[in-house]
Amino acid sequence: MTTPSSPYPLLDSLAAPQQIRHFTPAQLEQLAAEVRAFLIASVSETGGHFSSNLGTVELTVALFHHFDFLQDRIVWDVGHQSYPHKILTGRKDRFPTLRMHNGLSGFLKRDESPYDHFGAGHASTSISAVLGMATARDLQKQDHTCIAVIGDGSMTAGMAFEALNQAGYLETKNFLVILNDNDMSINPNVGSLQGYLNQIMSGQYYHRWRDRIEHAIKAIPLEGLSKGVAKAAKWSEESFKRLMVPGLLFEDLGFRYMGPVNGHDVNATSKALAEAKEKMKDGPVLLHVQTKKGYGYEPAVQDPLKWHGVTAFDAEAGEIIKAASDPTKPAPPSYTSVFGKTLVELAKTDEKIVGITAAMLDGTGLNILQKAFPERCFDVGIAEQHAVTFAAGLAAQGMRPVCAIYSTFLQRGFDQVAHDVCIQDLPVTFALDRAGIVGADGPTHHGLYDLAYLRCLPNIILMAPKDENELRQMLMTSIYCGHPAALRYPRGNGLGVPLETPITALPIGKGELLREGDGLLLCAVGAMVAPAMALAESLQEEGLSCAVINARYIKPLDDALIREWAGRCKGLVTLEEGCAPGGFSSAVAESLADAGLLRPMLRCAVPDHLVHHGDPKRLLEEEGLGPKSLFRRIQAFASQI
Ligand SMILES: Cc1ncc(C[n+]2csc(CCOP(=O)(O)OP(=O)(O)O)c2C)c(N)n1
Ligand SMILES: CC(=O)[C@@H](O)[C@H](O)COP(=O)(O)O
Ligand SMILES: [Mg+2]
């Protein structure tokens with residue numbers, strides 16, 4: 001419905017995205033301007049991914065001008081730049097709920113809209129998924145178009161090239177890959193591919209001549225020429241092509257390369273899509289679109305890293321609104337920053353220590369190492385698998401690599417952890433940030449599975465610190481234990497405990513008894529240790545005496561300590577911020593079962609189901625892991641045994 005006072009008259013009058021197919025060039029421009037204005041106003045209220053979305057406004061509008069995505073298929077890689085797609089597909093009014101409990105997801109979701117053909121959150125899956133869709137289409141004799149939109153950062157992953165490799169070979173028709181090149185990942189993009197793309201960007205002059213020269217070369221009659229002259233002519237054809245044709249890398253992989261096109265000129269982009277539509281009738285096309293992260297909002301253009309993902313902000317002033325804090329009590333440091341600073345501290349006295357990140361330099365805190373020791377800090381791009389095996393190679397030659405990867409993203413490198421690191425017992429440290437429930441990013445990003453998927457591997461030492469001081473000790477322990485080791489810690493701030501210097505290593509496989517008691521044993525790990533101590537205090541007030549163990553190690557588990565105190569108590573409660581199947585509680589149950597000491601047991605962990613997006617505290621309560629629900633559950637358990 002059009003409201004006369006609406007700042008978005010055209011957008012508000014849109015009953016269905018199919019109407020955009022009939023828009024005039026002026027209307028396309030107006031629609032893009034309104035989508036951008038809405039995006040800024042709305043994300044400034046809710047927070048969310050921001051700079052990437054400002055970069056895809058015109059591209060999205062142009063795509064809807066040419067395609068009907070109820071028939072045609074589109075996958076936005078990662079999905080963090082898909083807000084314009086959501087706005088144009090009937091979800092504008094739900095934006096005030098973005099990334100909130102029961103609200104709109106920050107990524108694409110198949111159950112959120114018929115326009116979301118494939119869910120994501122992790123990078124570099126789009127080309128594979130869309131190639132699968134195009135192949136299904138061909139096998140089912142359908143004729144719609146299949147499109148993957150992938151950023152230059154996401155294009156650095158091996159998986160993207162695995163898909164290009166197959167698509168070029170299959171010569172899949174009506175299959176379009178749009179490379180959305182803004183010369184940025186979250187941090188500046190890295191690697192020789194980015195250098196190559198930049199060369200293409202600067203080669204526009206040659207590109208104008210491309211078709212003419214190609215045509216002229218093709219006109220050279222090779223038939224009547226002697227063998228030597230024909231060979232020379234062929235050679236010069238190739239050389240000319242290499243000189244003149246941008247995107248030859250993609251052409252050599254079997255794609256028709258088109259571009260680069262200015263992705264902020266909606267009508268130029270629309271024209272390029274019209275051409276691509278024709279060309280993809282003969283085989284796969286890659287359209288290279290040049291965009292700017294943050295386009296249309298100057299503070300984000302100036303600092304796209306800061307504005308990649310934001311909390312609410314003052315749109316006028318260009319200032320991100322900070323959460324209110326108590327000026328007399330400074331906020332504790334984040335686990336991430338304690339990790340980054342500790343690594344530098346250790347690296348100062350040991351030049352064999354190196355850090356590796358897969359495109360999450362600031363997110364993991366490795367930016368601190370990069371500033372201090374740039375030659376010992378490696379950003380390998382969105383390439384977790386490679387990061388792990390690269391670390392294994394370093395370790396095999398006597399270095400002490402620390403792979404800093406979010407818990408959820410290490411899933412991508414599972415075989416490399418198993419095959420390249422653990423089976424060879426190589427001393428690689430995995431620093432797994434964002435372990436547990438992360439909040440607004442939702443199911444693709446919660447770090448819930450690491451304990452289960454790492455615990456089964458041979459040789460690995462697996463630990464979780466109860467606070468930021470223990471993180472320092474565990475980092476040192478990992479680096480010098482001589483085996484593969486992983487420590488996992490949560491998103492956000494530590495507890496504000498004092499940081500001991502010098503850092504000391506911990507004895508391997510030893511937990512600590514924090515409190516004695518004979519009613520229940522609360523056996524906790526990582527972020528659940530502090531809540532377990534608080535619970536023991538409250539339960540004591542109710543007359544229930546609880547012993548508390550900080551397990552520290554998930555592997556090797558401190559069997560002796562746990563068995564002893566389980567035996568002294570009437571029942572046992574395990575507490576972890578991870579999935580119940582196969583996690584810490586399974587390790588404890590196995591240990592007790594192996595010794596024939598199984599006790600009545602309450603496993604407080606995330607049950608075997610999806611945890612959606614929203615406020616982490618509320619999600620924890622819903623999963624039975626918040627203080628209120630834990631108190632109730634443990635009381636009920638105690639009353640039954
Ligand atoms: C497997 C995986 N690793 C890391 C990330 C974190 N991540 C999300 S977006 C992003 C940058 C993507 O860059 P690009 O594809 O160029 O998109 P842009 O942000 O520039 O729009 C990264 C590293 C992820 N989502 N998935
Ligand atoms: C889309 C993506 O994967 C990242 O942008 C992620 O949202 C970052 O999460 P943090 O805010 O926890 O670093
Ligand atoms: Mg990019």
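**Alanine 123 and its surroundings**

Leaving out neighbours within four places in sequence, alanine 123 is in contact with Asp77, Val78, Ser154, Ala157 and Ile382, where contact means that the C-beta atoms, placed from the backbone, lie within 7 Å. This is a predicted model, in which local features need pLDDT of at least 70 and side-chain atom pairs count only at pLDDT 80 or more, while totals for chains, interfaces and linings use all residues. Residues are numbered from 1 along each chain as its sequence is written, and chains are lettered from A and ligands numbered from 1 in the order in which they are written.

Alanine 123 sits in the loop between H5 and helix H6 (126-139), helices being DSSP runs of H or I with at least four residues and strands runs of E with at least two, numbered from the N terminus. Is alanine 123 buried or exposed? Alanine 123 is buried because 28 other C-beta atoms lie within 10 Å; the cut-offs are 20 or more for buried, 12 or fewer for exposed, and partly exposed in between, with C-beta atoms placed from the backbone.

Histidine 80, in the loop between strand E2 (73-76) and helix H5 (83-91), is likewise buried, with 26 other C-beta atoms within 10 Å. Beyond its neighbours within four places in sequence, histidine 80 is in contact with His49, Ser52, Gly106 and Phe107.

Lastly, strand E5 (residues 256-262) is mostly covered, with five of its seven residues buried.

Definitions and conventions. Contact = placed C-beta atoms within 7 Å.
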